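Keep the structure open while reading.

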Amino acid sequence: MVPISAYLIVGVALFAIGTVGVLISRNLIVLLMSVELMLNSANLCLIAFSRSQNIMDGHAFVFLVLTIAAAEAAVGLAMVITLYRNRETINIDRFNLLKW
Amino acid sequence: MIDYTSASIDFALLGPEIALLASAFLILVTGYVKSLGKLSPGVAFVGLVIALVLSLNQWGNQSSGFFGMVTCDDFGSAFKVIFTLIAILTLLMAHRYLSHKSLNRPEFYALLNISTMGMMVMANSTDLVVMFLGLEIMSLPLYVMAGMARRSPESNEAGIKYFVMGAFASAFLLMGIAFVYGASGTTDLRRLVTDYHYIVGNFKLYLYSGVAMILVGFGFKVGAVPFHSWIPDVYEGAPTPVTAFFSVGPKAAGFAVLLRLFVFGFAYIGLLSDVFWVLAALTMTVGNIMALRQNNIKRMLAYSSIAHAGYILIAFAVGGDSAVSAAMFYLVAYALFNTGAFAVLVLLETRTGCKSDFSELSGFSRLHPYLSSVLALFMFALCGFPPTVGFFGKFYLFSAAIQSGFIWLVVIGVMNSFVSVYYYLRVIKVSFFDQPQQTFVPVTYSPAIIVVLLITLAGTLGLGLFPQQLLDISQSAIFAFL
Amino acid sequence: MTEYLYLIPILPLVGFLINGLLIGRIPRPVITLIGCGSVALSLALSLSLFFELKALPADSRMIEQVLFTWIVSGNFHVSMGFLLDPLSAVMILVVTGVGFLIHVYSVGYMHKDPGYGRYFTYLNLFTFSMLTLVLADNFLLMFVGWEGVGLCSYLLIGFWYHKKSAADAGKKAFIVNRIGDFGFLIGMFIVFWQVGSLNFVDINAMAPAAFIAGGSLITITCLLLFVGATGKSAQIPLFVWLPDAMEGPTPVSALIHAATMVTAGVYMIVRSNVLYMMSPDALFVVAVVGALTAIFAATIGLAQNDIKRVLAYSTVSQLGYMFLACGVAAFTAGIFHLMTHAFFKALLFLASGSVLHAMSDEKDIRKMGGLKKYIPITYWTFLIGTLAITGIPGLSGFFSKDEILWKAFSSDYGHPVFWVLGFVTAGLTAFYMFRLVYLTFHGPERMDDETKSHLHESPKSMTVPLIILAALAIAGGWVGMPHILGATNYFEHWLEPVMASGRNAVDTHALMSTSSNAGMEWSLMVASVGLVLISIFVARMFYNKKPELATAWQKKMSGLHKLLLNKYYIDEIYGAVIVRPTVYFSLFLWKVVDVVLIDGLINGVAVVYNDLSESLRQVQTGRVRTYATWFAVGVVVLIAVFMRG
Amino acid sequence: MIEVYYPILFLGFFAALLAVIMVSISILLGRRTDMGKKEEPYECGVEPVGSTRDPIPVKFYMVAILFILFDIEVIFLYPWAVISRQLGLFGFIEMVVFVIILLVGYFYILGRGALKWD
């Protein structure tokens, strides 16, 4: 039996990778992927906890989170498209009209 | 004795939510059918009014259902009423503005109602996952609403910034919930509270780090420093009625959840008081200082909304019944005068080429003495001057804090509210005292926005003179299932 | 009649609402009627209530009218109520009486101004706020009036907003006042925290049990309240707004300086005398600040050339007297001086307004002179005001100032040093006031011909209030004659019920029965009168006599040459040794201490905040990744804190 | 310990095997013609023009986005399907409501014209 900590380490590591991805990626698409990664690493943790304690709630939550993540991705992609049409770039650093 | 984890599938508990959702769906289906599209605002309005009536009906009925996932208590009902009122005001002020900017699409009204429904879901549960679900239902429409002006690069940018930061915060929130779940095996706040000592004894690390991340997630929504940086950009870029909605709606929802979680729920964690102390002090100070040098009124009000969130955070540091009721009172008061101020801005921006810069206000009072006086009154309320309700909001908050011995926090709060006078007064100074650079284009009123102005004005002044009623309500509303 | 107490503040409010809502739609006579009429009705009501109160036995002279319960929240209970007792009765008489005269005067003074309607709207709001402040039966309602007064001062000082200096001055007054409010608010919170009530009657009854007399908490509370008072009443260090406040129309200066606003701080301290009596340390601070402000402002007054600024600094200085009186626990004397000061300062301001009116708004006294024969009524009334403020026996200022000086010397909380400071201030006051009189009304006419051709006495609506105020400035002090003159001090008896509770609070009946030392009192009185007379004489020498002698000297070069030269020589020595250093010192205080140090400090705070704001704004780069980085840093810190906890 | 993973390993193995079999069958049975035209992206029709990096029409994105949404919503059908017997009529009605909600979305995008391809 793989100990719970192993899953958690993977989950937290993925989460950290996602966080760093958000912080360093300039490409909006990559950024969206990073966010998805963070959400899914949380899912992994949920599943792990759920299994380790032998309660099923966690599985159900993962379903919810998956759909939310999908909805988020859809909204994000739609926005990226609109942005690209208007600004001809998806470099997140270029979007700094609003500042100070 | 109330059955906390009632399994009953009682759809009456979700009445307001269902009403909002149904109206939103109706708009979506009929919105692009010719000749029915014009009805969208009306449909949204009717949905909101039904939701308001149903929420008011729920007041006093404490019950729980759906295996404990939905909880109707007075605390939640009070917030539901607040959300619907805010949404109604937004709807009234938005219609003509959107037509003027050719943004009047049925989706706006559907999104508004769905977002309001999300807030209700948030306020209406003691379950962390349902709260998360509500947060997302609220946020996703908000992202779209912020970027609604598709041709405007500012609006696009506001949308994407809000989205990226919001999704980032959501991820932390979800991770936090996962950790709390891992520590306790449950996501129901009530069971967390019951088993608190056992959980802390065995899984303190998971619990604490989870709680920290949950705080981050909801702190983001209310704009607590350092999770505030999206606020000014998004507020400035979004269409003004949407900004008005942002500045009060999601904020109230965030505070509803935060109050439930941190004042009622995790109150055992002794550390929280200190954390909120620092957060409150930071939030109000940063908000106020940043607001000093702004040239755009929307941006200034954005920072000011951060500062006001800081004042409300004082209640979290203090804790206890009087602080919670003071926070609720403050939220309602803030919703009133802030919406009022935005309503005036909406009126001003419903003229071609206006972006709510300070300089555009010069000559305002010459042409519109009443409207400018109303704006001045809202500014005084934001400053916290008597006899507006803004004064009583601060007064309750600070006196609750003083009574619990948080003298230094109050000193910081009072000092901050004096700093704030400077930039609020600037609005009055420019609109009353400055020589106009160019001729001031007259404002044209619409009946709906006059209703908004009258409601907010009556609330700001009336509750300032007779705050008792609202205070009574806010005191009975702290009955929560925890 | 007492059931109509609430009408006293409500009437001006009604006037404000009518004038304000119908601004620009009603003709001037109606504005005048509503503006002045509402205050006149208030005055009539105040008078009748005063006599009703007087008819009651002394110990039951207290009418509390609770209109409705304002807020109840747990143990927190505030009513919207008004309290009429001897203290507030005096205050409403002063506010409505002097206020009404100023309203009438304004009719003439502002008759050409395009903002006539707006002006009366603000003026009524001002009166309403001040009446709310003095009639409030609890701290919270008082604070409402307090803020209202601050707001109106902002509106009125900046009334001529097209002048940048006026708008700035308005803002400055407002912001400095907010600093004071900060103290007031926190002090109020502490009082509530300890006593559990904000009602004055309750506080008077319960404070002795709630606070430890002489303890640090009560001292802190009193000092915080005092910070509020320094803001409103223009004491060191928060007086900077007042001289700038001269930018408003002159009747507004009169209203702010004499009848309303600045007296609020003194009133508040006297109102909470029970608290102050429990803290000798706080009283000492009040006395020191009061005495220092008195002499400091008087010294600055010596070197001013703007007629209104001289009066402004003199107001600061006289307010210092009032605080000195409060600080030595002679609250009655403080209120007495407040009242007489209201009369003669309103008179002086209105008369100076009349001068400006005649002089086509020229404020520099170096460009005046010899106005006596052009505007005789103004001259005589101004002179009466001057005599009253300098403390010439028989006039109102004499009695109140003398009482303060005597209490400063003889009270248990007093000290001879306080007396000396007050004594010197009295001399300086006489000097600069007569300098003003001589330069303005006597001597050669230094104005240009254009102005000269327009010189004219003011209309009736302006001179009649002047004459009434002059009568009050003479007779207003007769109600409080000292015992040693064989008179009865009605004023002291009148206020006795209000002060008794404070004395009871510390149980010092024995202490307070001042050992009456008639001989000492007489000699101090004579000394101060003597000093005043000498100062007047010196002023006459310098600003009236000397120029004449100088011209005479030029004419008759030979005959009296030596004598005159000698005379001049003496003057020179006198000037070099005494006057010039004083003037330099005065200039130093003004230019360096006031303008640079204190103003600079307050402006400096603003600059620091602005710079901070500017640099913090740079953090808001507009780049999402920056925001996310801050966010992540916040998360890490927060998690670290929770992990440790 | 490792035996719990046997099913999934088998699944992967058979999936790969199936793919290999399919491809090899077509290679074995199909006729091979090695002509120049065969190597080009499209055997018949118009000549390819420009780079393949050209922006794809936004319609593709629309469809893709909508696909994600409708695709992922089906996820809820799985847990329901597992215990649909126990849930009975109530569960069925709930699922019908869920599908109706999806249908509302579908009608919306139809009405909005997001699926029109011209």
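The model is predicted. In it, 32 residues of chain A are in contact with 30 residues of chain B.

**Loop residues with positive phi**

- B:Ser102 is not a glycine, yet its phi is positive, about 45°.
- B:Ser102 sits in the loop that links helix 3 (74–100) to helix 4 (106–123) of chain B.
- B:Ser102 has 9 C-beta neighbours inside 10 Å, so it counts as exposed.
- In chain A, A:Asn54 also has a positive phi, about 60°, and is not a glycine either.
- A:Asn54 belongs to the loop between helix 2 and helix 3 of chain A.
- A:Asn54 is exposed because 7 other C-beta atoms lie within 10 Å, and the limit for exposed is 12 or fewer.

**The side of chain A that touches chain B**

- Three helices of chain A each supply at least two residues to this side: helix 1 (4–24), helix 2 (28–53) and helix 3 (57–87).
- Helix 3 of chain A gives the largest share, 15 residues.
- By class, this side of chain A has 22 nonpolar, six polar and four charged residues.

**Cis peptide bonds in chain B**

- The bond between B:Val225 and B:Pro226 is cis, with omega about 5°.
- B:Pro226 lies in the loop between helix 8 (196–222) and helix 9 (230–237) of chain B.
- A cis bond also runs from B:Pro386 to B:Pro387, where omega is near 0°.
- B:Pro387 is in the loop between helix 15 (369–383) and helix 16 (389–403) of chain B.

**A glycine in helix 18 of chain B**

- Which helix holds B:Gly462? This glycine is part of helix 18 (residues 447–465) of chain B.
- B:Gly462 has 16 other C-beta atoms within 10 Å, so it is partly exposed.
- B:Gly462 and B:Gln437 are 25 residues apart along the chain, and 36 Å separates their C-alpha atoms.

Terms used: Residues are numbered from 1 along each chain as its sequence is written. Chains are lettered from A and ligands numbered from 1 in the order in which they are written. This is a predicted model: local features need pLDDT of at least 70, side-chain atom pairs count only at pLDDT 80 or more; totals for chains, interfaces and linings use all residues. Helices (H or I, at least four residues) and strands (E, at least two) are DSSP runs, numbered from the N terminus. A residue is buried if 20 or more other C-beta atoms lie within 10 Å of its own, exposed if 12 or fewer, and partly exposed in between; C-beta atoms are placed from the backbone. Two residues are in contact if their C-beta atoms, placed from the backbone, lie within 7 Å. Ala, Val, Leu, Ile, Met, Phe, Trp, Tyr, Cys and Pro count as nonpolar, Asp, Glu, Lys and Arg as charged, and the others, Gly among them, as polar.
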